[in-house]
Amino acid sequence: MAVAPGVAYWPGRLRPQEQAALLAEIMARLKDAPFYRPAMPGSGALLSVEMTNFGPLGWLTDQAKGYRYESTHPVTGAPWPQIPGILLRLWTETTAYSAPPEACLVNLYRGPARMGLHRDADEEALDAPVLSVSLGDTGLFRFGGPTRRASTRTLKLASGDVLAFGGPARLMYHGIDRIQAGSSSLIAGGGRINLTLRRVTKPQPEKEATG
Ligand code: SIN
Ligand code: FE2
């Protein structure tokens with residue numbers, strides 16, 4: 001369902017069984033790629049959200065080097081685990097993009113964790129949409145336009161909801177105001193996990209066969 005130009009929303013796209021299966025895939029990867037608290041560039045203030053990544057590239061931020069993609073976990077130094085197959089299939093089913101996602105950022109929101117309004121702009125492949133999958137407690141997702149001043153709307157992203165933003169909405173401001181504690185029992189100990197799939201590098205154009 002289109003909720004704004006370039007913004008597609010599939011409430012309940014993952015059934016409860018699929019949500020549980022995806023959560024199990026995530027949990028199995030956390031041993032190798034544990035959640036950590038990233039720091040803001042400059043100030044070094046810690047984010048309230050805990051993060052990890054799956055895929056060949058992971059998004060991270062720290063005080064010294066700022067926002068970027070890296071192929072290894074900043075704490076363990078190990079390569080990120082693979083993106084779960086469920087998510088790769090979802091990318092194929094919901095985006096018309098010619099290449100697979102390279103990054104799957106995993107955000108964990110517990111208690112008062114939130115994410116301020118920002119744009120996802122660290123990717124070269126801005127022609128690819130961002131695909132977001134929510135698990136666990138409902139998050140109040142605020143989204144607006146290409147500038148901070150544009151008016152915003154709120155969507156309540158519940159467990160199993162899938163959202164894509166691309167085209168005219170690819171660089172829209174968005175964030176999570178708060179989560180609704182206790183709204184889901186999927187995650188032990190409560191909280192919300194959001195997965196965002198992104199293509200980072202521009203896919204190589206198909207080579208013409210030459211004789
Ligand atoms: C993000 O923009 O990185 C996260 C959005 C969300 O948690 O739904
Ligand atoms: Fe984002």
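**Exercise 1.** Find the distance from a polar side-chain atom of H118 to an oxygen atom of ligand 1.

*Solution.* Start with H118: the separation is 3.1 Å. Next take R192: an N or O atom of its side chain is 2.8 Å from an oxygen atom of ligand 1. Then N194: a polar side-chain atom lies 3.2 Å from a ligand 1 oxygen. Finally, the area: ligand 1 alone exposes 260 Å², and the protein buries 98% of that (Shrake-Rupley method, 1.4 Å probe).

The model is predicted: local features need pLDDT of at least 70, side-chain atom pairs count only at pLDDT 80 or more, and totals for chains, interfaces and linings use all residues. Residues are numbered from 1 along each chain as written, chains are lettered from A and ligands numbered from 1 in written order, and side-chain values use heavy atoms, without hydrogens and water.

**Exercise 2.** Determine which residues of β6 point each way, and whether they are buried or exposed.

*Solution.* Strands are DSSP runs of E, at least two residues, numbered from the N terminus. A103, L105, N107 and Y109 point one way from β6; C104, V106 and L108 point the other. All are buried (under 20% relative accessible area, 1.4 Å probe, protein chains only). Because seven of the seven residues of β6 (103-109) are buried, the rest of the structure largely encloses this strand.

**Exercise 3.** Identify the strands that pair with β6.

*Solution.* Pairing needs at least two DSSP bridges. β3 (50-54) runs antiparallel to β6, joined by five bridges. F54 has C104 as its bridge partner. β13 (192-198) also pairs antiparallel with β6, over seven bridges. There, N107 partners N194.

Note on methods:
Buried < 20%, exposed > 50% of the residue type's maximum accessible area, 1.4 Å probe, protein only. Helix = DSSP H or I, 4+ residues; strand = E, 2+ residues; numbered from the N terminus. Polar contact = N/O pair within 3.5 Å; in protein donor to acceptor, adjacent residues only side chain to side chain.
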